[in-house]
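The report below describes the architecture and selected local features of one chain. Please keep the sequence and the model in view while reading.

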Amino acid sequence: MDSVDRLLDQWHRERPDLDVGPMGVIGRLIRIREHLMEAMARVHKAHGLTPAGFDVLATLRRAGPPHALSPSALVESTLVTSGTMTHRLDRLEAAGWIERRPNPEDGRGSVVALTPAGFALIDHVIADHVAAQHRLLAALPAPTRARLDADLKAWLSGFETPQEISGD
């Protein structure tokens, strides 16, 4: 019995005419997401980051050398507004973790790049981030994790277009 079962029991009692089975799956995904996000936020906070700041630094780090992207590429990658991204970048720049530079390919634009301090920080944080993810999944046996991953991948593919996946 979990917290979603209680809700389902109430709906079965109040509206026996409705098939609330999907509510169980979606409700559990939402509750699990809340637990996962809280756990990951604690990891980021321990390093002086917000989840949003972590997202920007991780996006720059996984972009590969020179670990720099245009602000518009960061907006696309993180799916936030340009105003929200500007606020994030201002905070990360004030902390010394990123810097804005002229775009070497287009003198009119700029790129956002990890500083050496930002690079060192995200490399340290990502190791703790991944370790926390391993702990969060430790209750599931390896075959269950693999099956869950495959099932979620199949479900997610029904929502994403090939352009969204490739980033085009």
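Contact, as the word is used here, means heavy atoms within 4.5 Å. By that criterion, and not counting residues up to four places away in sequence, asparagine 103 touches Gly109, Ser110 and Val111.

This is a predicted model, in which local features need pLDDT of at least 70 and side-chain atom pairs count only at pLDDT 80 or more, whereas totals for chains, interfaces and linings use all residues. Residues are numbered from 1 along each chain as its sequence is written, and side-chain values use heavy atoms, with hydrogens and water left out.

## Overall architecture

The chain has eight helices and three strands, where helices (H or I, at least four residues) and strands (E, at least two) are DSSP runs numbered from the N terminus. Read from the N terminus, the order of these elements is α-α-α-β-α-α-β-β-α-α-α. The radius of gyration of the chain is 20 Å, well over the 15 Å that the globule rule gives for 168 residues, so the chain is more spread out than a compact globule; this radius is taken over C-alpha atoms, and the rule is 2.2 Å times the number of residues to the power 0.38. Along the principal axes, the C-alpha atoms fill a box of roughly 65 × 30 × 30 Å.

Buried residues make up 25% of the 168 residues, with buried meaning under 20% relative accessible area, exposed over 50%, and partly exposed in between (1.4 Å probe, protein chains only). Among contacts between residues at least 6 apart in sequence, 48% join residues at least 24 apart.

The three strands form an open antiparallel sheet in the order 1-3-2. Strand 1 (68–69) and strand 2 stand at the edges, each with a single partner strand, so one side of each is left without a neighbour in the sheet. Two strands are taken to pair if DSSP finds at least two bridges between them; strand 2 (residues 98–103) and strand 3 pair in the antiparallel sense over six bridges, and a hairpin of two residues joins them. Within this pairing, arginine 100 has valine 112 of strand 3 as its bridge partner.

A nonpolar core is a set of buried Ala, Val, Leu, Ile, Met, Phe, Trp, Tyr and Cys residues joined through side-chain atoms within 4.5 Å. The largest such core has 18 residues, of which Leu49, Leu57 and Ile98 touch the most other members. At least two residues of this core come from each of helix 3 (51–62), helix 5 (82–94), strand 3 (106–114) and helix 6 (116–137), and helix 3 gives the most, with five residues. Leucine 57 touches Leu49, Leu92, Trp97, Ile98, Leu114, Leu121 and Ile122, not counting residues up to four places away in sequence.

Helix 3 has 12 residues and reaches 16 Å from its first C-alpha to its last, close to the 16 Å expected at 1.5 Å a residue, the expected span being 1.5 Å times one less than the number of residues. Its buried residues are Gly53, Phe54, Val56, Leu57, Ala58, Thr59 and Leu60.

## Backbone features and individual residues

Helix 3 is followed by glycine 64, whose phi is positive, near 85°. A cis peptide bond, with omega about 5°, joins proline 65 and proline 66, and proline 66 lies in the loop between helix 3 and strand 1. Histidine 67 is in the loop between helix 3 and strand 1, and its phi, near 55°, is a positive value in a residue other than glycine.

Proline 116 is found in helix 6, and its C-alpha atom is separated by 9.0 Å from that of glycine 96, 20 residues away along the chain.

A search of the whole structure finds one aromatic pair. Tryptophan 155 and phenylalanine 159 form this tilted pair, at 6.3 Å centre to centre and 55° between the planes; rings of Phe, Tyr and Trp (its six-membered ring) pair if their centres lie within 6.5 Å, and planes under 30 degrees apart count as stacked, over 60 as edge-to-face and the rest as tilted.

| Residue | Relative accessible area and class |
|---|---|
| Histidine 67 | 12%, buried |
| Proline 116 | 72%, exposed |
| Tryptophan 155 | 40%, partly exposed |
| Phenylalanine 159 | 59%, exposed |
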